[in-house]
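Thanks for making time this morning. I would like to walk through one protein chain, going from the overall fold to two individual residues.

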Amino acid sequence: MLDQLKNILPSLEAGLLLEMEQNGFLKKLEKEEILFSAGHEVSDFPLVLSGSLRILREDGDGNEHYLYHLFAGETCAMSLTCCMSNRPSKVKIIAEEDSEIAIIPTFLMDQWMTKYPSWKSFVTQTYNFRFDDLLETIDSIAFSNLDERLLKYLYDKSRAIASSTLPITHQDIAYELNTTRVVISRLLKQLENKELLKLGRNKIILAKGSLTKRLK
């Protein structure tokens, strides 16, 4: 695990990376495996070594809403917050693809904040990145049309699995965007007519450059 940490987090001090390796442990997740759900008592936090994780938020009615993805070298800001405040998780974390993560005990966080300057910078940067992600999500919900939200969602999926071919059903998308399958199917057909994507059986193929085009 130490070599992986060195490769994905070269800015962290050698001593910090060694402590991560000595105190943490490696966990492998299969695609769509749940790491933990809302309400889970957070005694440690995940650091992505390879693959990607999908973060979802559940509302009061039990509906789940997609927030953002985590990639290699990233951790979940919400998990860090829950760790530091001793609160249960507010999100669900799911493996987008087969992934490897380092599980780090929370009691080390405060020690590292004073002991390693690079750790403080890493945590601050994590909060900044996730804050921007959440603002983008809020803007998407508040100001964007559903077709724009849908295209952004597909882009995030594509980046997460490093492929323009997405093995996903219309119902899966509808669930995470909190709408109906009929609406998603209609919007996907409109996007296909605009040559932004191609629909297949339980898969969607994004057209090259489709995500930089304006929807009209």
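I will begin with the chain as a whole and then turn to a serine and a glutamate.

Please keep in mind that this is a predicted model, in which local features need pLDDT of at least 70 and side-chain atom pairs count only at pLDDT 80 or more, while totals for chains, interfaces and linings use all residues. Residues are numbered from 1 along each chain as its sequence is written, and side-chain values use heavy atoms, with hydrogens and water left out.

The protein chain contains 8 helices and 10 strands, where helices (H or I, at least four residues) and strands (E, at least two) are DSSP runs numbered from the N terminus. Its C-alpha trace spans about 55 × 35 × 30 Å along the principal axes. The radius of gyration is 18 Å, which agrees with the value near 17 Å that a compact globule of 216 residues would have; that radius is taken over C-alpha atoms, and the globule rule is 2.2 Å times the number of residues to the power 0.38.

Of the 216 residues, 43% count as buried, meaning under 20% relative accessible area with a 1.4 Å probe, protein chains only. Taking contact to mean heavy atoms within 4.5 Å, residues 24 or more positions apart account for 69% of the contacts with a separation of 6 or more.

Now to the serine: is Ser158 buried or exposed? Ser158 counts as buried, because its relative accessibility is 13%, and it lies in helix H6, residues 146–161. Leaving aside neighbours within four places in sequence, Ser158 is in contact with Ser163, Ser164, Leu166 and Leu206. Ser158 and Ile204, which are 46 residues apart in sequence, are 9.9 Å apart in space, C-alpha to C-alpha.

The glutamate is Glu64, found in strand S5, residues 64–70, and it counts as buried because its relative accessibility is 4%. Which side chains make polar contacts with the side chain of Glu64? One is that of Lys92, at 2.7 Å, and another is that of Tyr175, at 3.2 Å; a polar contact here is a pair of N or O atoms within 3.5 Å, and within protein one must be able to donate a hydrogen and the other to accept it, with residues adjacent in sequence counting only if both atoms are side-chain atoms. Not counting residues up to four places away in sequence, Glu64 also touches others, including Leu56, Arg57 and Asn178.

How values were computed. Buried < 20%, exposed > 50% of the residue type's maximum accessible area, 1.4 Å probe, protein only.
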